[in-house]
Amino acid sequence: MKLVSIIVPVFNVEEFVGICLNSIVKQTYKTIEIIIINDGSTDNSREICEEFVLKDNRITLINQENQGLSSARNVGLKVMKGEYVCFVDSDDWIETNFIEYLVDKMEIGYDIVCCGCNEIYADHIKKICAKKSMEFSNVEAVKEITGKAQVLFEQVQQKIYRSYLFVDLHFEVGKIHEDTFITLNLFGKSKKIGYFNIALYNYRIRNGSITNNGYSIREFDRIEAYLYNLNYIDNNFPDFQINIRERIIGAAIYNYINVVKNENIDLKYKEKCENIFMKYKKYCFKFKFSITLFLLSYYYFKPILLFFIKLLVRT
């Protein structure tokens with residue numbers, strides 16, 4: 001049986017990490033290595049992980065000073081030995097047949113296999129699953145990710161990969177939306193991707209997590225991620241040049257709206273968005289209707305409206 005590496009970054013999740021690790025050690029597929037990277041936790045997370053290490057020799061615990069999620073994942077990638085690899089966030093958990101099911105599908109000949117998930121809220125659960133299972137070539141997958149993604153998404157969780165796909169790739173350190181930097185390359189390097197409409201990953205939505213804590217200027221990382229992928233798309237998938245530029249504009253609009261409404265954010269971030277609008281102004285027209293709705297929803301819309309009027313007049 002093929003070895004599967006499961007990479008689990010951990011930081012201050014003492015309330016959840018035990019649930020996560022229990023779900024992994026109880027997998028019906030037994031040929032696994034569990035690589036836990038304790039990213040400088042200051043609560044009892046390290047002690048909980050150490051207890052699991054004593055009970056299961058498939059677990060390796062690596063402790064490092066706090067460097068962020070991307071750094072922790074990169075450490076896991078450097079030491080993994082599995083032919084397949086997957087990622088589980090330490091506040092999430094997986095169904096007991098998660099690995100067995102995905103490995104079984106990989107044996108068909110896929111390079112990446114994806115599944116659906118359950119979003120776990122404080123008061124309800126939302127199942128995120130497509131209506132049917134689907135197969136994608138790398139071209140179809142890149143089109144899906146850069147277009148109106150309906151089935152495949154940028155998150156690296158909910159998936160299992162052939163480990164060789166990560167050769168010469170790494171997660172960008174110090175960024176949020178770190179998955180956006182790398183996912184296009186992973187799909188682009190693949191020959192065949194499978195999506196299966198079964199929810200086997202449980203994604204906990206909590207207020208204190210990095211991506212669910214209100215607006216932050218770190219959201220500009222998403223723009224940076226799309227710009228990072230621009231040359232890759234232009235050189236390898238030129239049919240989707242418009243798609244990636246429209247993604248850049250969409251992310252810039254989101255940030256522009258939030259920057260303008262917040263008086264405490266440096267105006268240089270507003271100027272960054274305006275520079276993007278000017279550089280890619282011909283792609284703004286797709287968003288004219290959504291821009292108008294955004295503008296009308298805020299009492300302070302005048303400066304934004306004036307800017308887009310000037311932009312459209314110059315086009």
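This is a predicted model: local features need pLDDT of at least 70, side-chain atom pairs count only at pLDDT 80 or more; totals for chains, interfaces and linings use all residues.
Close-up 1. E119 belongs to strand 6, which spans residues 112-120. When residues up to four places away in sequence are not counted, E119 touches H124, I125, K126, I128, Y203 and I205. The C-alpha atom of E119 is separated by 5.9 Å from that of R204, although these two residues are 85 residues apart along the chain.

**Close-up 2. The contact of helix 1 with helix 2.** Helix 1, made of residues 17-25, packs against helix 2, made of residues 45-55, at an angle of about 20°, and the axes of the two helices are 10 Å apart. Because angles under 35 degrees count as roughly parallel, this value makes helix 1 roughly parallel to helix 2. The crossing in which helix 1 passes helix 2 is right-handed. On the side of helix 1 the contact is made by V17, G18, L21, N22 and V25, and on the side of helix 2 by I48, C49 and F52. Sorted by class, the contact of helix 1 with helix 2 comprises six nonpolar and two polar residues, with no charged residues.

**Close-up 3. The contact of helix 5 with helix 6.** Helix 5, residues 138-146, and helix 6, residues 178-189, pack with their axes 8 Å apart and at an angle of about 160°. Since angles over 145 degrees count as roughly antiparallel, helix 5 and helix 6 are therefore roughly antiparallel to each other. Helix 5 passes helix 6 in a crossing that is right-handed. The residues of helix 5 that take part are N138, A141, V142, I145 and T146, and they meet L184, F187 and G188 of helix 6. By class, the residues in the contact of helix 5 with helix 6 are five nonpolar and three polar, and none is charged.

**Close-up 4. The largest nonpolar core and the contacts of Y161.** In soluble globular proteins, nonpolar side chains tend to be buried together. The largest nonpolar core of this model has 56 residues, of which L152, Y161 and F166 touch the most other members. Helix 9, residues 241-260, gives the most to this core, contributing 10 residues. Once neighbours within four places in sequence are left aside, Y161 is in contact with E83, Y84, V85, F87, M106, D111, I112, Q155, V156, F166 and L186.

Close-up 5. Phi of D168 is near 70°, which is a positive value in a residue other than glycine. For H177, also a residue other than glycine, phi is positive as well, with a value near 55°. D168 has a relative accessible area of 75%, and because exposed means over 50%, D168 is counted as exposed. H177, by contrast, has a relative accessibility of 12% and therefore counts as buried, the limit being under 20%.

Key: Residues are numbered from 1 along each chain as its sequence is written. Side-chain values use heavy atoms; hydrogens and water are left out. Axes are lines fitted to C-alpha atoms, for helices over the stretch in contact, and angles run from 0 to 180 degrees between N-to-C directions. Helices (H or I, at least four residues) and strands (E, at least two) are DSSP runs, numbered from the N terminus. Angles under 35 degrees count as roughly parallel, over 145 as roughly antiparallel, 65 to 115 as roughly perpendicular and the rest as oblique. A crossing is left-handed if the near helix is turned anticlockwise from the far one by less than a right angle, and right-handed if clockwise. Contact means heavy atoms within 4.5 Å. Ala, Val, Leu, Ile, Met, Phe, Trp, Tyr, Cys and Pro count as nonpolar, Asp, Glu, Lys and Arg as charged, and the others, Gly among them, as polar. A nonpolar core is a set of buried Ala, Val, Leu, Ile, Met, Phe, Trp, Tyr and Cys residues joined through side-chain atoms within 4.5 Å. Buried means under 20% relative accessible area, exposed over 50%, partly exposed in between (1.4 Å probe, protein chains only).
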